[in-house]
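This briefing accompanies the structure shown below.

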Amino acid sequence: MNMGLREELLKAIWHAFTALDVDKSGKVSKSQLKVLSHNLCTVMKIPHDPVALEEHFRDDDEGPVSNQGYMPYLNRFILDKVQDNFDRMDFNKMCWTLSARKNLNRNHLLISDDDACKIWCIFNFLSEERYPLVMVTEEIEYFLRKLTEAMGGSWIEEKFEEYKVQLSNRQCLSVWQLIELVGKGQFSKGMDRQTLSMGITEVFQELILDMLKQGYMMKKGHRRKNWTERWFLLKPNMISYYVSEDLTEKKGDILLDGNCCVESLPDKEGKKCLFYIKCSDKSFEISASDKKKKQEWIQAIQTCITLLKVGRPAPHHEARQKRREMREKQQAEQEELELRMRELQTANENKQRELEALRKKLEDAATNAAEEEHRRLQTQNELQDLYRGEMEKEKMVRQQMEEQVAQKSSELEQYLQRVRELETMFHSLEEALEEEKQARQDEEIVRKLQARLLEEEVSKRAELEQIHLYQQQTISQTQAEKQELERERLAKESALQDAMHQLQQLEADRQGALEQYEEVMKKLADAANNTKSWKDKVAQHEGLIRLIQPGPKFPQKITNWGPASFTDTELSLREKDWQEKKSKSASTQ
């Protein structure tokens, strides 16, 4: 017996066993188990051995037997002997009768006992393979969807979401809760009892009896070649046809296998929507009521043939298995995620403790270095203030210099030769400024070097403080190491003194550059005084020297004298004078 059939039988037997457990202690008396075992052997066509139960529990005569104690006997003397030659509906009805007698509450139910039994069978098919048996939310939704479609209604997702909220933390139902849910019409409002019963029957036939499709069609006879209406019933491995839909008189079977084929036929003999099924021994011609029914039957039969060819189970069995595998995969992923979250949380807590210890160490180090940092910042601020004052003075001197240069440039533009001399002097002045700029850069380098030396000194002092603390804690450091640290500190202080000496030297160099700059400015003032007395004498001689005025913003005109050598007015006068001379020379000729 395959594992699927064993699990199906065990679910039904579990219901019967729990029904016999009246006081819910998990145990049943041996006399009741004898009756249950005899009934099971009868419906499953197994020879019953009444002595086997007594012999199996011979060492346990002290009262009832638990479910775990009954399972070895059930597997050995009943399930291992089962052949797939019994009526499963008789088996299900026997177990249903035992369980419903105790558990079914028929008050306010809109369905019959037969419909409740069908829901019970569907529950066993869709329930999880763990005990006590329950149906999870996903399977509840699948069943209710199928039932709604079978009744011709439309599925309302919002309504089921509200019901899931009502389930709260349970997220599953027992078989009696499922029967009560369907029987009270919570998801079939607006449907009469007959419609509900027909919907339950249709879902039961598909899921439990493997009736994948059924309906009336016309079949052509093999001998008389006449067309007769038959009720066709499609199962995964055969098509049975009956006189009517009550299934009382069966007329034959069409056995399906992987070598069968189904194809559409053109209309003939006054029949439309034809198709034929070709099997290994014979073929069958069938006429559907319309093209839609024809296509549905062809597709359903072809699906069965394909599944038989690859050895796969019926679609609803395969879909159920996929849903279970998906749930198991999601549960495994959830458990793995929770495990990883716990590991991450533990690692995070360890890291937090490490960070807290590190933070305390850093706070101690920061406290020790705070005073040194304050002194360093104070010294740095003083140096910055001093440097800022020097920069302000230098800026004022530069502004004055630029004003004087602008004034002298406007005067020296009267004669070209003097401009060259002044340009030479100006270049000298720029060189002096460049030297001053270089001196400032050197000063900035020395300041940065001093700052870096101060930082190194602070770092070394912090290290010395840590070493001092370590000495106090361990009292194991040698005097030689202390002297080495003292020599390093003295070396750093010596380097700092050298840097200060270099800074003072650079300051002296900058002062010399400023004195040189003042000397150049004095020479420039003397030259200006010497040229001021005679500049008016040469101002009237055109072409010799000319005041250079600020030019316009538009592009300058270029002549042989260079760019911007003449204004537009001067050029116009020169052009007019040239034209007159040209006309005079032409007239004389």
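Among contacts in the chain between residues at least 6 apart in sequence, what percentage join residues at least 24 apart? The share is 62%. The model is a predicted one, and its chain holds 16 helices and 13 strands. Of the 589 residues in the chain, 33% are buried.

**Helix α5 and its surroundings**

- Helix α5 covers residues 88-103, which is 16 residues, and its first and last C-alpha atoms are 22 Å apart, close to the 22 Å expected at 1.5 Å a residue.
- At the start of α5, the backbone nitrogen of M89 has a side-chain oxygen of D87 within 2.9 Å.
- The buried residues of α5 are M89, F91, N92, M94, C95, W96, L98, S99 and A100.
- An α-helix has 3.6 residues a turn, so residues three or four places apart point the same way.
- The cover over the buried residues of α5 includes α1 (3-20), α2 (30-43), α6 (113-126), α9 (175-183) and α10 (193-207).

**The pairing of α5 with α6**

- The axes of the helices α5 and α6 come within 10 Å and cross at roughly 105°; the two helices are therefore roughly perpendicular to each other.
- On the α5 side, the residues that meet α6 are N92, K93, C95, W96 and S99, and their counterparts in α6 are D113, A116, C117, W120 and C121.
- L104 is located in the loop between α5 and α6, and it counts as buried because its relative accessibility is 11%.
- Not counting residues up to four places away in sequence, L104 touches W96, S99, L109, D113, A116, W176 and I179.
- L104 and W176 are 72 residues apart in sequence, yet their C-alpha atoms are 6.6 Å apart in space.

**Backbone features in loops**

- Most residues other than glycine have a negative phi, and most peptide bonds are trans.
- The peptide bond from Y131 to P132 is cis, with omega near 0°, and P132 belongs to the loop between α6 and β3 (135-136).
- D210 is not a glycine but has a positive phi of about 60°; D210 lies in the loop between α10 and β5 (213-220).
- L247, likewise a residue other than glycine, has a positive phi near 65°.
- The loop that contains L247 runs between β7 (238-242) and β8 (250-255), and L247 counts as partly exposed because its relative accessibility is 28%.

- Helix α11, residues 291-310, has 20 residues and spans 29 Å from its first C-alpha to its last, close to the 28 Å expected at 1.5 Å a residue.
- At the start of α11, a side-chain oxygen of D290 comes within 3.1 Å of the backbone nitrogen of K292; after the helix comes G311, with a positive phi near 75°.
- In α11 the residues K294, W297, I298, A300, I301, C304, I305 and L307 are buried.
- These buried residues of α11 pack against the strands β5, β6 (227-235), β7, β9 (261-265) and β10 (274-278), and against helix α12 (315-412).
- S287 is part of strand β11, residues 283-287, and S287 counts as buried because its relative accessibility is 4%.
- A polar atom of the S287 side chain lies 2.8 Å from the backbone oxygen of K272.
- Leaving aside neighbours within four places in sequence, the contacts of S287 are M217, M218, W227, K271, K272, C273 and L274.

- Not counting residues up to four places away in sequence, L496 touches Q450, L453, L454 and E457.
- The C-alpha atoms of L496 and A451 are separated by 9.4 Å, and the two residues are 45 residues apart along the chain.

Conventions
Residues numbered from 1 in each chain as written. Predicted model: local features only at pLDDT ≥ 70, side-chain atom pairs only at ≥ 80, totals over all residues. Heavy atoms only, no water. Helix = DSSP H or I, 4+ residues; strand = E, 2+ residues; numbered from the N terminus. Buried < 20%, exposed > 50% of the residue type's maximum accessible area, 1.4 Å probe, protein only. Contact = heavy atoms within 4.5 Å. Expected span 1.5 Å × (residues − 1). Polar contact = N/O pair within 3.5 Å; in protein donor to acceptor, adjacent residues only side chain to side chain. Axes fitted to C-alpha atoms, helices over the stretch in contact; angles between N-to-C directions. Parallel < 35°, antiparallel > 145°, perpendicular 65-115°, else oblique.
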